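Hello,

Here is the structure we talked about. Please open it first, then read the notes below.

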Amino acid sequence: MAAIAFTRPATYLVQRSITIAAPPDAVYAAVADFRRWESWSPWARLDPKQKTTLTGDGLGAVYTWTGDDKVGAGRMTIVEAV
């Protein structure tokens, strides 16, 4: 088993998609701007006391968060928005 693990890449990419009944420009604006995430994010409702930090705008913008056990902690960077 250990030999198989060494043949796998050290990083991976997670992608998700969904169909939303809204104009594409409205959806893009809500998703591509981290400043707007609080208004729709289900994680913000799970832990209203979580700490978030926003750095930058558009491509390269960074969103970090630290919360309770329900939301955990992490970091996202916008590397592409289509």
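Is R35 buried or exposed? R35 is exposed, with a relative accessible area of 53%. Keep in mind that this is a predicted model.

**Salt bridges**

The structure holds two salt bridges. R35 takes part in the one with D33, where the closest N and O atoms are 3.0 Å apart. R35 also meets D57, side chain to side chain, at 3.5 Å from N to O. D57 is exposed, and its relative accessible area is 53%.

**Aromatic rings**

How many aromatic pairs does a search of the whole structure find? It finds five. One of them joins F34 and Y63. Their centres are 5.3 Å apart, with 45° between the planes, and the pair is tilted. F34 lies in the loop between helix 2 and helix 3, while Y63 lies in strand 2 (residues 62-66), so this pair ties together parts that are 29 residues apart in sequence. F34 counts as buried because its relative accessibility is 6%, under the 20% cut-off. Y63 is buried too, at 5%.

Y63 also pairs with W37. Here the ring centres are 5.8 Å apart and the planes stand at 40°, so the pair is tilted. W37 lies in the loop between helix 2 and helix 3 and Y63 in strand 2, so the pair ties together parts that are 26 residues apart in sequence. W37 is buried, as is Y63.

Which residues form the aromatic cluster? F34, W37, W40, Y63 and W65 form one cluster.

V31 lies in helix 2, which covers residues 24-31. V31 is partly exposed, with a relative accessible area of 42%.

**Q50**

Where does Q50 lie? Q50 is in the loop between helix 3 (42-46) and strand 1 (51-55). Q50 counts as buried because its relative accessibility is 12%, and buried means under 20%. The Q50 side chain reaches the backbone oxygen of W43 at 3.3 Å. Leaving aside neighbours within four places in sequence, Q50 is in contact with W43, A44, W65, T66, G67 and V71. Of these contacts, W65 also belongs to the aromatic cluster.

**Other arginines**

R36 is found in the loop between helix 2 and helix 3. R36 counts as partly exposed, at 40% relative accessibility. Its contacts, apart from neighbours within four places in sequence, are A29 and A30. The C-alpha atoms of R36 and G60 are separated by 16 Å, and the two residues are 24 apart along the chain.

R16 lies in the loop between helix 1 (2-6) and helix 2. R16 is exposed because its relative accessible area is 77%, over the 50% cut-off. R16 and S41 are 25 residues apart in sequence and 15 Å apart in space, C-alpha to C-alpha.

R75 lies in strand 3 (residues 73-77). R75 is exposed, with a relative accessible area of 59%. Which residues does R75 touch, not counting those up to four places away in sequence? R75 touches V62, Y63, T64 and W65. Between R75 and T64 the C-alpha atoms are 4.3 Å apart, and the two are 11 residues apart in sequence. Among the residues that R75 touches, Y63 and W65 are members of the aromatic cluster.

**Where to look in the viewer**

- Aromatic cluster: F34, W37, W40, Y63 and W65.
- Buried loop residue: Q50, with its side chain 3.3 Å from the backbone oxygen of W43.

Best wishes

Definitions and conventions
Residues are numbered from 1 along each chain as its sequence is written. This is a predicted model: local features need pLDDT of at least 70, side-chain atom pairs count only at pLDDT 80 or more; totals for chains, interfaces and linings use all residues. Side-chain values use heavy atoms; hydrogens and water are left out. Helices (H or I, at least four residues) and strands (E, at least two) are DSSP runs, numbered from the N terminus. Buried means under 20% relative accessible area, exposed over 50%, partly exposed in between (1.4 Å probe, protein chains only). A polar contact is a pair of N or O atoms within 3.5 Å; within protein, one must be able to donate a hydrogen and the other to accept it, and residues adjacent in sequence count only if both atoms are side-chain atoms. Contact means heavy atoms within 4.5 Å. Rings of Phe, Tyr and Trp (its six-membered ring) pair if their centres lie within 6.5 Å; planes under 30 degrees apart count as stacked, over 60 as edge-to-face and the rest as tilted. A salt bridge is a side-chain nitrogen of Lys or Arg within 4 Å of a carboxyl oxygen of Asp or Glu.
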